[in-house]
Amino acid sequence: MQAPARSSAPSSPLVSSAPPLPPRPQRVAFPSLRRRDLLLLPAALTLPMAPAPLPASARGLFRMPPPRLANRYFLVRAGESVYEGQGLLRTNPVAKTSVDSGLSPVGLRQTARAALELQRLGACEDDCWIWPSITQRAYQAAEIIAAANGINRSRIVPEYSFLDARGLGAFEGKSLDTLPEVYASDNISPDMKPPPISDGTPNESVADVFVRVTQLMSILETQYSGETVVIVSPDSDNLSILQAGLIGLDLRR
């Protein structure tokens, strides 16, 4: 699967999937692309779905990259938020359920296209689970996806922390145009954090987000087997870092 360069503001929705992979991760060449320009992608990441374990067997600790997955995954970046439409960064979890963290008119159209793309890919033909961040725009996107694909709302499972947008510390409230400064540091080391701020916004490194998404996958791979799961994230960093972990890519990339 392609791993587009990170950005917090989409120009179109991202949809990608994780079905079947060879036993050993292989090196994949990634073009230099901006995520905000490639947020509607066909299914391309392939990881093999493991057969259902025997009753007495245990899958053990989930590690990245996994040799195989027990489920099939589609990764969706929620559409543009009201804040993003204003060109602003908002990553403080305190604001994640506010109205301005919801989908903008552009974001609603992007999400509708993502929902139809999932339908075209047959993501939920045999039913699916939808795991959105509790962030307003991600949950709104999950409801749109469920409606477009005929999925009962009872199969929407809100995720309260592991899918939060990456906390950008002192960049909170700044222009989206400042993001290249964050990503320049990421290219040096996945452990480098944005400068801190005193308003409670986390300042997370790529490695911090990697821990979160690994914990999320551990829960999903333990809770389900042979299922389809649609993961809906409020930003693209979660998805790019998750993709990198699944295929064993250097996190600096």
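Where in the structure is D127 found?

## Backbone at D127

In this predicted model, D127 is found in the loop between α2 (105-121) and β3 (129-132). Its phi is near 75°, a positive value in a residue other than glycine. D127 has a relative accessibility of 32%, so the residue counts as partly exposed, the range for that class lying between the buried limit of 20% and the exposed limit of 50%.

## A cis peptide bond

The peptide bond from M64 to P65 is cis, and its omega is near -15°. P65 has its place in the loop between β1 (14-18) and β2 (72-77).

## Packing of α2 and α3

Two packed helices are described by the angle between their axes and the distance between the axes. For α2 and helix α3 (residues 136-148), the angle is about 40° and the axes are 9 Å apart. The angle makes α2 oblique to α3, because angles under 35 degrees would count as roughly parallel and those from 65 to 115 as roughly perpendicular. The crossing of the pair α2 and α3 is right-handed.

On the α2 side, the contact involves L108, T111, A112, A115, L118 and Q119, which meet A141, I144, I145 and A148 in α3. The residues of this contact divide into 8 nonpolar, 2 polar and no charged.

## I188 and L251

I188 lies in helix α4 (residues 179-188). With a relative accessible area of 57%, I188 is exposed. I188 and L251 are 63 residues apart in sequence, and their C-alpha atoms are 10.0 Å apart in space.

Definitions and conventions: Residues are numbered from 1 along each chain as its sequence is written. This is a predicted model: local features need pLDDT of at least 70, side-chain atom pairs count only at pLDDT 80 or more; totals for chains, interfaces and linings use all residues. Side-chain values use heavy atoms; hydrogens and water are left out. Helices (H or I, at least four residues) and strands (E, at least two) are DSSP runs, numbered from the N terminus. Buried means under 20% relative accessible area, exposed over 50%, partly exposed in between (1.4 Å probe, protein chains only). Axes are lines fitted to C-alpha atoms, for helices over the stretch in contact, and angles run from 0 to 180 degrees between N-to-C directions. Angles under 35 degrees count as roughly parallel, over 145 as roughly antiparallel, 65 to 115 as roughly perpendicular and the rest as oblique. A crossing is left-handed if the near helix is turned anticlockwise from the far one by less than a right angle, and right-handed if clockwise. Contact means heavy atoms within 4.5 Å. Ala, Val, Leu, Ile, Met, Phe, Trp, Tyr, Cys and Pro count as nonpolar, Asp, Glu, Lys and Arg as charged, and the others, Gly among them, as polar.
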